[in-house]
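Have the structure open while you read.

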Amino acid sequence: MSHNEKLLNDDCHNSRRGFLKKSVAATAIALAPNVIVKAAEDGLDEKAAGYFEKTNIKLTINDIDYSLSIEPRTTLLDLLREQLHLTGSKKGCDYGQCGACTVHVDGKRVLSCLSLAVMQEGKHITTIEGLAKGDDLHPMQQAFIDHDGFQCGYCTPGQIMSAVACVREGHANSPEEVRQYMSGNICRCGAYNNIVDAIIEVKRKGGTI
Amino acid sequence: MEKFFFEDDNNRVTGKAVVTGKAKYAAEHEVEGVVYGVLVGSTIAKGSIIAIDTKAATKAPGVMKVITHENSYKVPGYDYGGNPAKGLTGGKGLQVFNGNTIYFAGQPIALVIADSYERAVYAASLIKAQYNQDVHATDFAEMGKSVIAVEGQRYKDNIRGEADAYKNAAVKLEAEYIVPNEVHNPMELHAVIAKWGADDKLTVWEKTQGVKSAQRSIAAAFKLKEDDVQVFAPFVGGGFGSALRTWPHSIAAVIGAKMVKKPLKLVLTREQMFQLVGYRPYTKQRIGIGADKDGKFIGITHEADGVTSMYEEFTEGTVNVSKILYQCQNVTTRYKLYPLNLSTPTWMRGPGEATGCFALECAIDELSYLLNIDPLELRLKNYAETDPERNRPYSSKFLKEAYQLGADKIGWKDRDPRPASMKQGEWQVGYGMSTGLFNAGRGNAKASAKLYADGTLIVQTAVSDSGPGTQTSMTMIAADMMGLPVNKVTFEYGDSSLPPGPTQGGSTTTSTLGSAVYGVCFALQNKIIDILKTDGTFNKTDLKVEDVSFTDGGVLLKSDPAKKRTYSDILSKAKLNQLEVSDDSKASEQMRNYSAYSYSVHFVKVLVHSKTGVIKFDKIVATADAGKIISPKTARSQMIGGVVGGIGMALMEEAVIDNRFGKYINNNFADYHVPVQADVPEIEVAFVNKPDPILNPIGAKGMGEIALIGFAAAVSNAVYHATGKRVRDLPITLDKIM
């Protein structure tokens, strides 16, 4: 192994998760029953960590109240997709660089891949699945269909959630302004022109969205 | 042909599923008891694994298995114990967990399987590998120096007429052009869910542009009967070529599912998307082009040095564009391939033709200034009326019309043709144009159709759709053939157990599958006629398809439209619940005597800031001869999308390797820039929209590739016109203009 290689490998082990685990273990020694502290001392720390790493939270998603027990390292996006099967919110990068995971938290657009689920206690979350009222599409959803604001459709839920917020924020007054305020949502198929048209139409029609 | 009048501005039939978040992409199918796999990649670019310490990972909570080359299930179709030094394979991909040889950084060395995604990610971080590190080759500058080209028949010079004839021309140009590594980066991360059922039957939800090709690849690897592998891909979140192959991570997922006896889900990270699912290979090209004083081409020499991996040859049609795009008697092409410690490239939108057209179409622009002939005029002077390579006519060619449409819309003749002559305040103004072409093909496909008493129609075929709108155009063809409204037609696809459809690639889906859908509807019409002939309805035992109209309500006799039979009547008289037909669609024999290409023309007007070199688009016009346009709305979107991809290629996309480590340093969306909203102006699209009378019965050619091909050259040419500076290496970043 080269020197550089060793450095890289060592780096690997100072991961965020490693830090979290150690912190949890430290707290554990103060608070936990003896049996678990003993287990940690016996080299079963990984297994022990598993017991501690669930936290109870309550939050509301698409007007439904949830009471959940989750690991603190779980992102809001992974909670939605992997545990609640709300797969409308998409994972495109996992680093907040593409916008595919955009949801509304208390009415504001938020990147769910950069949000830890445990930090959403008491929050009201709206995902693409909660935007339509029954069979009635939200005007932005209909406008995306009418203007062909997508091709593969993968970035679309994030685009629509951003677009709704963009109008609500008052940032949809011109195509140029829309382009600026929608630049956090990548569309690799390149439906950008049509997305602008959809948003401008919804804005022009007015009404509460 | 009279029936084909696709004037409807139909919305995409998948619209509602997409905008409500109900559309299910590969990783999103709910599979009971699914566990999570995370791939660990090699941290070196060349060498071998001495040891992998998996103890900590195996001990971590929720971990069920850690798979490495030491304990992997032996894939029956793999060649274990093979000699890695024996040379490159022609199209046999990396065999995952087969041996300890490392060919590139990021090569999968372990698969960690746990009961939750978080646990699998964490455990993967605990894997420690020790390597015997070797000196890797990832530096493009070493190609032709320390890195030696692959030898073989396909790398021999190709000479038409006189070799390197351009050298003797009155006016000539020699220039070198570079296209860097670019990465497809569809928005959906490549993902797979693999589930073994009873009797070794396998179900796979896969991100793939070809459910049948994925089925074949997986069946071959695991030595299963094709029917025992079912691949689903109802929605595919973009591909652009990256999902044309079944990559090693998918095989790894199937291995993992086998070893833990549970369904397994594996999703690549965005970083892994740079290493494991192909890329457009770096290519250095040299063009030599010569013309007489009137601008007639005397000779073109096109040389390309491309990149491949250490284990597989990947070649593409980069230099072929110079053989076919213009009338020129003497064309010499040379293509060399250099293996580096990178993964295998793959076709990326427009593939080699996009790379090749960048060089050729820039060179022609450069030559036009040397000749003092308008760049568009120069192209028209050398317009190929017949295929210069195969000496045969085109099935159709309306490139001149596409030139004219674009030139009018951009205001080509109103510009001042002198370089660096036009200004708007601090911005220098430039116009540029280019041509693109791509083979228009038609392959084999099978489709089936079922007509029900209520007049609803189901058409089925095993194809997947990564975005162009195949469901929509196929639905429209079927609706048009049967006179039904679009909402009475359901197009079922994305399942390998349906009648075999094509892989969605190479701009052939509409031509190939559209013909099959046309064919199956034609068969259905004939079946209805057969029933009507015998049941006495119209009192015509010699009734023909041409005698009737197929409508929403049923079948009408053209000569007496009052005579009508509903589908319900027809089925009940024939004592059938439904009418079912299928059709095997094959390319026409007649096409052997023709060449078929689709063409695009891109015109751009750029603004280049005189102090900062910032490039903005003022106007973009994209025109195409893509044959008959089947679905106008989605076709326009596909053209716009190709231009957006072209903006990325022209101005921003480059996967940069740090050669000290042999690794990408910008393998994420913050550092590998793709166009965002603010980068993209309004794009105007115009189609010639004339049917190809020979290629297929629907008149459509192809569009996916040409939408992008040539665009980067138009931008480079416009930047030259604006500034007088010629940028020959992509992307055209402002530092190259300053």
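The points below go from ground rules to chain A, then to the interface and a few backbone details.

1. Ground rules. This is a predicted model, in which local features need pLDDT of at least 70 and side-chain atom pairs count only at pLDDT 80 or more, while totals for chains, interfaces and linings use all residues. Residues are numbered from 1 along each chain as its sequence is written, chains are lettered from A and ligands numbered from 1 in the order in which they are written, and side-chain values use heavy atoms, with hydrogens and water left out.

2. Chain A, layout. I get eight helices and five strands here (DSSP runs numbered from the N terminus: H or I of at least four residues for helices, E of at least two for strands). Reading from the N terminus, the order is α-α-α-β-β-α-β-β-β-α-α-α-α.

3. Of its 209 residues, 52% count as buried (under 20% relative accessible area; exposed is over 50% and partly exposed in between, with a 1.4 Å probe and protein chains only). Take contacts (heavy atoms within 4.5 Å) between residues at least 6 apart in sequence: 56% of those in chain A join residues at least 24 apart.

4. The interface. On chain A, 64 residues are in contact with 75 residues of chain B. The two chains bury about 5,900 Å² between them, 53% of it on carbon and sulfur atoms; that is the accessible area (1.4 Å probe) lost on putting the parts together, summed over both.

5. The rule finds six salt bridges between chain A and chain B (a side-chain nitrogen of Lys or Arg within 4 Å of a carboxyl oxygen of Asp or Glu). Do look at Glu71(A) with Arg119(B), whose side chains meet in a salt bridge at 3.5 Å, N to O. Several helices of chain A each supply at least two residues to the side touching chain B, among them H1 (3-12), H2 (16-31) and H3 (34-52).

6. Positive phi. Asn62(A) has phi near 50° without being a glycine. It sits in the loop between strand E1 (55-61) and strand E2 (64-70), and counts as buried because its relative accessibility is 17%. His85(A), also not a glycine, has phi of about 60°; this residue is in the loop between H4 and strand E3 (102-105) and, at 38% relative accessibility, counts as partly exposed.

7. A cis peptide. In chain B, Leu730(B) and Pro731(B) are joined by a cis peptide bond with omega about -5°. Pro731(B) falls in the segment after helix H15 (711-723) of that chain.
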